[in-house]
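Me: I'd like to go through this structure with you and ask, point by point, what stands behind each label. Could you set each value against its rule for me?

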Amino acid sequence: MQIIEHQELSAAQASITFSSIPQTFTDLLIVTSLRDSGSTNGWTNAYIRPNGLSTNLSTRVLYGFSSTVGSFSDTFIYHETVGGGSSANTFSNSSIYIANYTASAAKSISVDTSTANNGGNAINAIVAGLWNSTAAITSLSLVAEVGNFVQYSSATLYGITKGSDGTTVVS
Amino acid sequence: MPTNTYTPLATISLTGTDSEIVFSNIPNTYRDLIIIASGQSTAANANILARFNSDSGSNYSWVYMGGDGSSTFSGSSSGTSGDWGNFPNAQSVSVFQIMDYSATDKHKTTLVRSNTASTYAIAYAERWASTTAITSISLTISGSGNSFASGTILSLYGVIA
Amino acid sequence: MLIPLGILAASGVSAGSFDLLESQVLTGTASSVTFSSLSTYASTYQHLQLRIVTRMGGTGGAKSNLLRFNGISTSSYKSQFLLGNGSAVSSFSGSGTNIFLGIGGNLATSNRFGAAVIDILDPFETTKIKVTRSLGGEAASELTLISGLWNSTAAVSSITLIPETADYQIGSRFSLYGIKAA
């Protein structure tokens, strides 16, 4: 697993973009710590946009907040940020795993997304995502649904490369 | 002294269908194994089944929770293979974390995240009731005649501890 | 053939960003396990990950692994659970003197352990409340995705893991990993 790029915002910004992603890895892992500038006491969406696109995306979600659980599907990939009306200095904690991001096949995505909030509700969700495109992912944007991502919001992009140790056999 | 880890051990990229994928000769020098399965099977309603060390006894059990897009569900079961989650004939990615696989003082726990955007998002906790160190892992698709589809990639990584 | 690090560096490829920092495997029972002096890692690592496989004393129902930062045992923690118990999915929260991480095994069944993977993002930053995300479970009982909050912006200097009941048993394993961002 190898760091590609880490971004931590020095000022509020509507999105975080990893551009010119090297095409030399097998999978991508992104970990995110986000907070928006809105007034929601809870969470809002942080849209995942492969190659900056909002089309051909789908999601299926199991979520729980407070004492409520549910499941839904939609045409974006579910991934949360802490809303700006939540307890101060609190950011989300999520991981996004994108398999075979350079393949000429649809891209499957696994997301575990959690928020926290000392003054209100927080949410956990496990997410199955899909970008139904045969294009390689060359950039990835995280876009705030509400306002901007605030200062200190961060996202870190890693590349993971498959291979062999010369000992283990697979058949 | 920090030690770099998350080491690629083996990988297979299918150029045709395959009914069984076996990782064998797994060294015992790591602590955890991680398998990434990306692709699909040949069946509309199918799961990945797992066996360790060719054990076909009733030594596998699991608990799971998931969402199908409208309802939540949770269940538990046991059998002669571990049920490692939905892997239908639609693009999917599954992450399997086999914890303490080389330990000989405990049963083996595997944490599973199974993701198919057109069907389910599911998490599992699995147990193989054996204290034997894992040296091989067999993965198949549930249902008679079903296989991993061409284009599916399965990769194994080792994590030291 | 091992590739010398110098060649990797010259090619612009780092040697990898996921490092084992410390690991403890119990050879006797323990009432807690602590990773301390973590500030020594602050200049190199951006994130931390714990990987634990645990068994506790007692034979009753499922009991949790608990976490405290910096030895703080005041009521400054909060956890939000997404839980599957084999029958239904539930969600609930709780506040108290620990973060919950998911359950371990116990003495009810031989060799029964539970496991969890815990991600702690930006633990050394003093601009953020500390938030954990834990995926874990034990097949005979339940599994959970839990978010945890420690209501402090202090940099993490230690992590203590505590069994909710009795002591951690022999064979319980606690491994701390650092994840670089440069």
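Me: How many salt bridges are there between chain B and chain C?

Reply: The count is 4 salt bridges between chain B and chain C. Bear in mind that this is a predicted model.

Me: What makes the pair B:Asp32 and C:Arg51 a salt bridge?

Reply: The rule asks for a side-chain nitrogen of Lys or Arg within 4 Å of a carboxyl oxygen of Asp or Glu. In B:Asp32 and C:Arg51 the N to O distance is 2.7 Å. That value is within 4 Å, so the pair meets the rule.

Me: Which elements of chain B supply the side that touches chain C?

Reply: At least two residues each come from β1 (3–4), β4 (32–39), β6 (60–67), β7 (72–79), β9 (92–99), β10 (108–116) and β11 (120–128) of chain B. The largest share, 6 residues, is that of β6(B). Sorted by class, this side of chain B holds 17 nonpolar, 13 polar and 8 charged residues.

Me: What is the extent of the interface of chain B and chain C, in residues and in buried area?

Reply: Here 38 residues of chain B are in contact with 45 residues of chain C. The buried area is about 2900 Å², and carbon and sulfur atoms give 63% of it. The rule for polar contact finds 15 residue pairs across this interface, both residues at pLDDT 80 or more.

Me: Why is buried area quoted at all?

Reply: The size of an interface is often given as the accessible area lost when the parts come together.

Me: And what does the interface of chain A and chain C look like by the rules for salt bridges and polar contacts?

Reply: For salt bridges the rule finds 0 there. For polar contact it finds 23 residue pairs, both at pLDDT 80 or more. The elements of chain A that give two or more residues to this side include β1 (2–8), β5 (57–65) and β12 (154–160). By class, the side of chain A has 15 nonpolar, 23 polar and 2 charged residues. Contact takes in 40 residues from chain A and 38 residues from chain C, and the two chains bury about 2900 Å² between them, 56% of it on carbon and sulfur atoms.

Me: What makes B:Arg31 and B:Asp100 a salt bridge, and which parts does the pair tie together?

Reply: The closest N and O atoms of B:Arg31 and B:Asp100 are 2.7 Å apart, which is within the 4 Å of the rule. B:Arg31 sits in the loop between β3 (20–24) and β4 of chain B, and B:Asp100 in the loop between β9 and β10 of chain B, so the pair ties together parts 69 residues apart in sequence. Over all chains, the search of the whole structure finds 12 salt bridges.

Me: How do you know where empty space is left?

Reply: Rolling a probe the size of a water molecule over the atoms shows it. In this structure the search finds 5 cavities of 30 Å³ or more.

Me: What is the volume of the largest cavity, and which residues lie nearest its centre?

Reply: Its volume is about 450 Å³. Of the 28 residues that line the largest cavity, A:Leu29, A:Ser95, B:Gln97, C:Gln49 and C:Asp119 lie nearest its centre. The lining divides into 18 nonpolar, 5 polar and 5 charged residues.

Me: Which residues line the second largest cavity?

Reply: Among them are A:Ser33, A:Phe91, C:Leu121 and C:Lys128. By class, this lining has 4 nonpolar, 3 polar and 3 charged residues. The space in the second largest cavity is about 60 Å³.

Technical notes:
Residues are numbered from 1 along each chain as its sequence is written. Chains are lettered from A and ligands numbered from 1 in the order in which they are written. This is a predicted model: local features need pLDDT of at least 70, side-chain atom pairs count only at pLDDT 80 or more; totals for chains, interfaces and linings use all residues. Side-chain values use heavy atoms; hydrogens and water are left out. Contact means heavy atoms within 4.5 Å. Buried area is the accessible area (1.4 Å probe) that two parts lose on being put together, summed over both. A polar contact is a pair of N or O atoms within 3.5 Å; within protein, one must be able to donate a hydrogen and the other to accept it, and residues adjacent in sequence count only if both atoms are side-chain atoms. Helices (H or I, at least four residues) and strands (E, at least two) are DSSP runs, numbered from the N terminus. Ala, Val, Leu, Ile, Met, Phe, Trp, Tyr, Cys and Pro count as nonpolar, Asp, Glu, Lys and Arg as charged, and the others, Gly among them, as polar. On a 1 Å grid over the protein atoms alone, a cavity is a set of points where a 1.4 Å probe fits but cannot get out, and a pocket is an open set with protein on both sides within 12 Å along at least five of seven lines; lining residues have an atom within 4 Å of a point. Grid points are joined across faces, edges and corners, and a volume is the space filled by probe spheres set on the points.
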